[in-house]
Amino acid sequence: MTKTILVTGGAGFIGSHTAVELLLRDYRVVIADDLSNSSAKAIEVIKTLGSADVSFHEVDLTDEALVAQLFDEHPIEAVVHFAGLKAVGESVEKPMHYYRTNLTSTMNLLSQMAQHDVWDFVFSSSATVYGTPEQLPIPESAPTGATNPYGRTKLMIEEICQDLAAADDRWRISLLRYFNPVGAHASGQLGEDPRGIPNNLVPFVMQVAVGRREKLQVFGGDWDTPDGSGVRDYIHVVDLAAGHLAALEKLRAGCEAYNLGTGNGSSVLEIIGTAERVSGKTIPYDVVDRRSGDIATSLADPTKANRELGWRADRNLEAMLTDAWRWQSMNPMGFAEN
Ligand code: WQD
């Protein structure tokens, strides 16, 4: 019997790549997305790449009646929850918008799941829950302590999930803490398409390479890192999607957190150099002051996911940026509606 999976935020960057992998694994996929930071064009691409149909609902998950309707209309057996606001800087300016959106939508989902006897939940969490790490690489047992409202919504949702699982052993929950997702589907038809000026490094670099932006600002050249620029654990979005399928298929009673990263760090200057090599373009940049809230290094210890989920990220930085460049060069304006 083909399982039906509800993918919230399934028109977005990680959600769309995960939806494709679910279709290829013969799941039936229902996508709920409010398209506030994504394009309906991604839905058509998902159907093509996944060689299967998808039920798409443009819906605001903060409206519980609409969430109930999803469960009434489809035999949903598990939920992979990506939908949510995710810009760190914006969350500092508009904390209530972030708490109301991210927390209400998730509580609506979890309530309706229980009311419809659905207990399998994979949550899109983030390494940002670790705040400023005390040890590197970062294990799941590291202390958590988000340093911005966005990160705090992720942490609060993790704690809500822990409490639900402690109260009722029918819940089977995986909290997936992403490090830095980058890259694109190898076809070049699906990729990262942020609205407005990209907050994140790789989409900004790719927009400079394709000529949409003049110059990159490197936030700090005096970090305690080998070349002075920030180091992060970049992970290919298709590896990340595979991590969601592994988590879904290995769900067991309770609530477990897993780091989805490679365990390898790359600096901003390394990203620039690799992007120039794979694109054949020059990426002009200025080294400027540090961005508030940034940390020097973030690096995953992915051994728990390797061991318990039987999952490992195996695409290297070259592959990540080669695929990111193919998407950007084939779609200079992304899905064009932005
Ligand atoms: C990476 C590196 C910057 C932009 C954020 C969120 C995190 C998650 C992933 C949602 C850092 C430097 C960046 C630029 C730069 N998002 N940089 N110039 O900050 O590690 O993580 O995105 O879950 O929650 O915090 O990613 O891509 O913004 O930055 O020099 O224009 O690139 O200083 O060292 P980050 P990032």
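Colleague: Which strand gives the most to the shell around the ligand?
Modeller: In this predicted model, strand β8 (residues 216-219) gives the most to that shell, with four residues. Strands here are DSSP runs of E with at least two residues, helices are runs of H or I with at least four, and both are numbered from the N terminus. Residues are numbered from 1 along each chain as its sequence is written, and side-chain values use heavy atoms, without hydrogens and water. Local features need pLDDT of at least 70 and side-chain atom pairs count only at pLDDT 80 or more, whereas totals for chains, interfaces and linings use all residues.

Colleague: How many residues surround the ligand, and which are the closest?
Modeller: The ligand is surrounded by 18 residues, and the closest are Tyr150, Leu201, Gln217, Arg232 and Asp294. A residue is taken as near if one of its heavy atoms lies within 4 Å of the molecule.

Colleague: How many aromatic pairs does the structure hold, and why do tryptophan 119 and tryptophan 171 count as one?
Modeller: There are four aromatic pairs. Rings of Phe, Tyr and Trp (its six-membered ring) pair if their centres lie within 6.5 Å, and planes under 30 degrees apart count as stacked, over 60 as edge-to-face and the rest as tilted. The centres of tryptophan 119 and tryptophan 171 are 4.9 Å apart with their planes at 80 degrees, so this pair is edge-to-face. The pair links distant parts of the chain, 52 residues apart: tryptophan 119 is in the loop between α5 (95-115) and β5 (120-126), and tryptophan 171 is in the loop between α6 (149-167) and β6 (172-178). Both tryptophan 119 and tryptophan 171 are buried, that is, under 20% relative accessible area, whereas exposed means over 50% and partly exposed lies in between (1.4 Å probe, protein chains only).

Colleague: What makes the aromatic pair of tryptophan 327 and phenylalanine 335 tilted?
Modeller: The two ring centres are 5.1 Å apart and the angle between the planes is 55 degrees, so the angle falls neither into the stacked range nor into the edge-to-face range. Tryptophan 327 and phenylalanine 335 are buried as well.

Colleague: How do you know that the charged end of arginine 290 sits over the ring of tryptophan 223?
Modeller: The criterion asks for NZ of Lys or CZ of Arg within 6 Å of the ring centre and within 35 degrees of the ring normal, and the charged end of arginine 290 is 3.9 Å from the centre of the tryptophan 223 ring. Arginine 213 also has its charged end over a ring, that of phenylalanine 204, at 6.0 Å from the centre.

Colleague: Is leucine 35 called buried or exposed, and why?
Modeller: Leucine 35 has 15% relative accessibility, so it counts as buried. Its place is in the loop between β2 (28-33) and α2 (41-50), and its phi is positive, about 60 degrees, although leucine 35 is not a glycine.

Colleague: Where is threonine 262 placed, and is it buried or exposed?
Modeller: Threonine 262 is in the loop between β11 (254-260) and β12 (266-267), and its relative accessible area of 17% makes it buried. Its side chain and that of aspartate 233 are joined by a polar contact of 2.8 Å, and a polar atom of the threonine 262 side chain lies 2.8 Å from the backbone nitrogen of asparagine 264.

Terms used. Polar contact = N/O pair within 3.5 Å; in protein donor to acceptor, adjacent residues only side chain to side chain.
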